Amino acid sequence: MKKEDENDFYFKEETTRTLKIPTEVIGQSDSLELDLEKDLSENEKLVGRNSRCVPVDTFSFAPLGRKVKKVFKGKGDLVKFRCSVYEKKLLKVKSSRSGLTLSEYIRRSLFGQEITERFSDEHIEIYKMLIKYHNNFKSIGNMYKKRNPKLTQEVYDLANDIKKHLKKFQ
């Protein structure tokens with residue numbers, strides 16, 4: 001038996017116990033009730049009063065275990081090319097306008113993929129204004145439909161021109 005100071009914990013060695021039941025008792029009944037009590041001093045870890053060992057119940061928040069990290073199988077090879085300072089600045093400006101990284105912009109332009117520039121706040125305001133003009137011209141054309149069909153046709157043509165111009169932005 002391993003003992004330490006009173007304030008520290010100690011372990012008692014495990015003992016095996018057997019229970020002998022006479023055959024007469026088993027023969028008299030089909031079932032047996034046993035009242036077994038477990039002593040605190042047996043087979044348990046005892047903790048002293050001043051000990052810092054506090055039993056903590058842990059909860060498993062992830063019952064299936066930890067998630068496996070996905071391995072990034074992206075671009076690994078490096079390609080370098082030379083350009084002037086002006087060309088590099090121009091590439092950076094164009095890539096920032098399109099909302100892409102420099103390498104992604106160069107990749108897309110090299111392979112001939114579509115590169116769309118992102119609208120600035122001014123462009124968005126102009127786009128909204130053109131939509132309002134289109135809607136207004138359509139409603140004006142509807143107002144003069146019966147009175148002056150030639151004016152209505154002119155206004156519809158202007159509204160359709162604005163619509164074509166708006167479709168170029170998309």
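## Lining of the largest pocket

Helix 3 gives the largest share of the lining of the largest pocket, five residues. Helices here are DSSP runs of H or I with at least four residues, and strands are runs of E with at least two, numbered from the N terminus. This is a predicted model, in which local features need pLDDT of at least 70, side-chain atom pairs count only at pLDDT 80 or more, and totals for chains, interfaces and linings use all residues. Residues are numbered from 1 along each chain as its sequence is written, and side-chain values use heavy atoms, with hydrogens and water left out.

The pocket is lined by 13 residues, and Val 79, Phe 81, Ser 103, Ile 106 and Arg 107 lie nearest its centre. Helix 2 and helix 3 are the elements that give two or more residues to this lining. By class, the lining has eight nonpolar, one polar and four charged residues; Ala, Val, Leu, Ile, Met, Phe, Trp, Tyr, Cys and Pro count as nonpolar, Asp, Glu, Lys and Arg as charged, and the others, Gly among them, as polar.

The volume of the largest pocket is about 440 Å³. A pocket is an open set of points on a 1 Å grid over the protein atoms alone, where a 1.4 Å probe fits, with protein on both sides within 12 Å along at least five of seven lines; lining residues have an atom within 4 Å of a point. Grid points are joined across faces, edges and corners, and the volume is the space filled by probe spheres set on the points.

## Helix 2 against helix 3

The axes of helix 2 (residues 85-98) and helix 3 (residues 102-110) come within 9 Å and cross at roughly 90°. Helix 2 is therefore roughly perpendicular to helix 3, a term for angles of 65 to 115 degrees. The axes are lines fitted to C-alpha atoms over the stretch in contact, and angles run from 0 to 180 degrees between N-to-C directions.

On the helix 2 side, Leu 91, Lys 92, Lys 94, Ser 95 and Ser 98 meet Leu 102, Tyr 105 and Ile 106 of helix 3. The residues of this contact divide into four nonpolar, two polar and two charged. Contact means heavy atoms within 4.5 Å.

## Two serines of helix 2

Ser 95 lies in helix 2 and is buried, with a relative accessible area of 5%. Buried means under 20% relative accessible area, exposed over 50%, and partly exposed in between (1.4 Å probe, protein chains only). Not counting residues up to four places away in sequence, Ser 95 touches Leu 100, Thr 101, Leu 102 and Tyr 105.

Ser 98, also found in helix 2, is buried at a relative accessible area of 1%. With residues up to four places away in sequence left out, Ser 98 touches Tyr 105, Ile 115, Thr 116, Glu 117 and Arg 118.

Phe 137 lies in helix 4 (residues 121-143) and is partly exposed, with a relative accessible area of 26%. Leaving aside neighbours within four places in sequence, Phe 137 is in contact with Val 155, Leu 158, Ala 159 and Ile 162. Phe 137 and Asn 160 are 23 residues apart in sequence and 9.4 Å apart in space, C-alpha to C-alpha.

Leu 151 belongs to helix 5 (residues 149-169) and counts as partly exposed at 36% relative accessibility. Between Leu 151 and Gly 141, ten residues apart in sequence, the C-alpha to C-alpha distance is 7.4 Å.

## The chain as a whole

The chain has five helices and zero strands, and its pattern along the sequence is α-α-α-α-α. Of its 170 residues, 10% are buried. Among contacts with a separation of 6 or more, 40% are between residues 24 or more positions apart.

Technical notes
Angles under 35 degrees count as roughly parallel, over 145 as roughly antiparallel, 65 to 115 as roughly perpendicular and the rest as oblique.
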